[in-house]
Every structure is written in structure tokens, then in C-alpha cells.
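Here is a short briefing on one protein chain. Look through the sequence and the model, then read on.

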Amino acid sequence: MNLSWLPRITAFVVVLSLYGCIHTAPFRNESSDLTLPRTSTAEEIEPIGRSEYLTVDDAKLYLLTRGKDRHAPVLLWLHGGPGGAERPLFRYFNSELENHFVVAYWDQRGAGRSFDADADPHQLTVSRHLADLDAVVDHLRKVLRHDTIALIGHSWGGMLGLLYVQQHPEKVSAFVAVAPLIVPLRAQQAEYNFVSTEARIRKEESVLTRLQGIGPPAYDTHDRLLELEDLADRYGMVWHRKPCKICVVLKGLVTGLVTPFELMSIHRGIHTSLDAMTPELLGLDLARTVPCVDIPVWFFLGRHDRHVDSRIAANYFDSLHAPYTHLLWFEESAHNIPFEEPEKFNRVMIEEALPGATGSKSCAWRFYELHPPGNRCLIERLYIDCMAL
């Protein structure tokens, strides 16, 4: 997700808010621990609107849970970054999902409303995020009385989700990877090569000069990462369909999806998380780490994505072993599929990716339910590890 524009917009909206030009509305029917009363409809639909902080070891993690019917399937968003809290964007573009699922939005450690300026950045590790995610999943399963929940991960969230479902398939019903990060080092190299080639073809010396200034990958600091991302976005390879960003921010503020000072936390969180976690991420390759999972998996890839490079994800998908897999291309999107093609994204999520919510299930899903995977992935993982000795 491209956040290079965030500081300028943040400064603008903070000034407006100080002069009383922006009113930030609270979440409707929402408190620190609120379940809305049961309605009198024949279906006995019971909405839920719950805003809370979970204490996990030494951190307070923000979790927002919303849905038209608290008995609907549970869907937990895993945002990108690391540190790029996308909850306001998910709710702005994809809130239709709340009419069909109980949707949980978690701000990861060091991100958004979970950002703590006094926290030790050395706590921002992959293993720490996996432990945090497990605590959030168990909390949702307990509170909502579900044995399993579905996960959906965008970018870094896709990598986090795949690592998690490999470890805890018994807690997850399905996983949707949206423009997932698969091999961070290869993604950086592919993005750099794309920008360099495109700039030479177009004879854009200013871009080549900027590339020369940051040098070739690997990058392990936020400034170089975001500089390369900004250059790729010049060619529509991060956002292919670009929204009016100031319009999105202002509407988000007016409708209460985000606060002015929260924007500053988002900005600081992504810088801190990228600096802390990128050196570790550069050593990861999911083709080696997660060759198989024991749950159904969907991949949503943007045809124009050269930020994490959708071709890397497509190659990984072809090699991934799972009881059910499906790859869907979004032809008008780059890296930010839920926000570039929200209507198609929402429709596919509701009607196809999680068909249990609508009551109609594909043959593949019925086969999966009749033939549970058992421990095939564990056996295969042990075999691969043994062969590597």
C-alpha cells in the first residue's frame, strides 16, 4: 500500500480539525464491550458492534468487531505493512462484508491504534506477530462461540496468514490471500528492475537519478522501501485505479472511520515496523517455509501489481499443496485490490470465496467437507524436512 502521500494529508486534516472544520463521528452502536440487543425479526438477527483493546503480554492490541448478525461466519482482516493499519480503508471500501459476516479488524502490534511510541521496536518480530494473531483468533472464537474463523490477509498480512494457518489449521476454516508478500527480497528486486526498465524506455532521467540515489536492493529501512514504492506507483503498479485520496481521508474523518491523530499513528507505525521487521523478512521465502497448508486457500492477485509482483505469488500458488485452492485475477488492479475494485472484491468474497455464508457451496467445498485433510500437510512437511537433512 502506498503511504507516501499520508504525511501531507495528515498535516492538512489536523489543521482543519483544530479549526473545527472536521467533525469526527463516533462508531454507531459501539463501545468498549457492546453487543447490540436482539431484534424482534423472525430470523432473530443479533447485530454486533464491539470495540476493545486486548492485553497480550506487554501490548494493548486494538480490535474492532462488527456485523449485521453475530451468528454469521467470522472473518478476520490481517492488514499489510508491516505496520500499515488499513482498517479505515477496509471499512470505507469493503464494509458491505459486515452484512454477510462478522468482520473483525485487528490493528497489529505497532500499527494504528495499537501503536505505542514507548514500546520496544525489537518486539516487532514475525514470531511475536504470530503469537499475537493466535491470541486474537482464540479471543474471537471464544467470544463469538465459533470453533473456526476465516482469515483474509493483504500484502504482508497474506504472508502472516499463510505462516499462521500452517501452524494452526484446526482454528481456521479458510484463508484468502490478497496480493500476498511471498519472497520479500525477490519482490524488491523485481520492483527495482521494473522501475529501471520502464524509466529507460520512457527516457525519464529524473526517475533514473532517484533510483541511483537509493541503489539496488536489498533495502531494510523504510525510507528506501517507500522511495521505490513511490517510483513504481508513478507507473500504476501499486495503485492501478487511483482513488481521490484526499476525498477518501476527509470522508473517513467525517464518518468516524478514522481520527486526525490516528493518521499520525498510522504514519509513525509503518515507519517503525518497516525498520524493525524488514531485515527479518528479507530472509523469508514461503515456497520453502510454507509448501502446504491443510485448509482451503484463495489467492486474489492484481494483474498490474509490481510492488510485491503478482507473478511471484502466482508461481508460489502453483506449487502450494492444499485441499482446495483457487486463484482469481483482478484485471484492473495493482497491489490494492480491495480498494481498486471494491465491488468485484466484495461480490467474490460474499458469493464465491466463502460460500458457506450464502448457503450455496461448490462441489470442491462439499468434497473438502466430506474428506477432511487430517494431517497430510504435517506428514508432507516432515518428509520435506527429513529430505533436507
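What share of the contacts in the chain with a separation of 6 or more comes from residues 24 or more positions apart? The share is 75%, where contact means heavy atoms within 4.5 Å. This is a predicted model: local features need pLDDT of at least 70, side-chain atom pairs count only at pLDDT 80 or more, and totals for chains, interfaces and linings use all residues. Numbering starts from 1 along each chain as its sequence is written, and side-chain values use heavy atoms, without hydrogens and water.

**The whole chain**
- The chain has 15 helices and eight strands. Both are DSSP runs, numbered from the N terminus: helices are H or I with at least four residues, strands are E with at least two.
- Of its 389 residues, 56% are buried (under 20% relative accessible area; exposed is over 50%, partly exposed in between; 1.4 Å probe, protein chains only).

- Eight strands form an open sheet with mixed pairing, in the order β1-β2-β4-β3-β5-β6-β7-β8. Two strands pair if DSSP finds at least two bridges between them.
- β1 (48-56) and β8 (325-330) are the edge strands, each pairing on one side only.
- On average, neighbouring strands of this sheet are turned by 20 degrees against each other, direction ignored.
- Nine bridges join β1 to β2 (residues 59-67) in the antiparallel sense. Arg50 has Thr65 in β2 as its bridge partner.

**Helix α3**
- Helix α3 (residues 126-144) lies across β1, β2, β3 (74-78), β4 (102-107) and β5 (149-154). It runs at about 140 degrees to β1. Axes are lines fitted to C-alpha atoms, for helices over the stretch in contact, and angles run from 0 to 180 degrees between N-to-C directions.
- The buried residues of α3 include Val126, Leu130, Leu133, Val137 and Leu140.
- Just after α3, Arg145 has a positive phi of about 60 degrees.

**Helix α7**
- Why does a span of 16 Å agree for the 12 residues of helix α7 (residues 222-233)? At 1.5 Å a residue they should span 16 Å, and the end C-alpha atoms are 16 Å apart, so the two agree. The expected span is 1.5 Å times one less than the number of residues.
- Among the buried residues of α7 are His222, Leu225, Glu229 and Asp233.
- The buried residues of α7 pack against α5 (184-202), α6 (205-214), α8 (245-254) and α9 (260-281).
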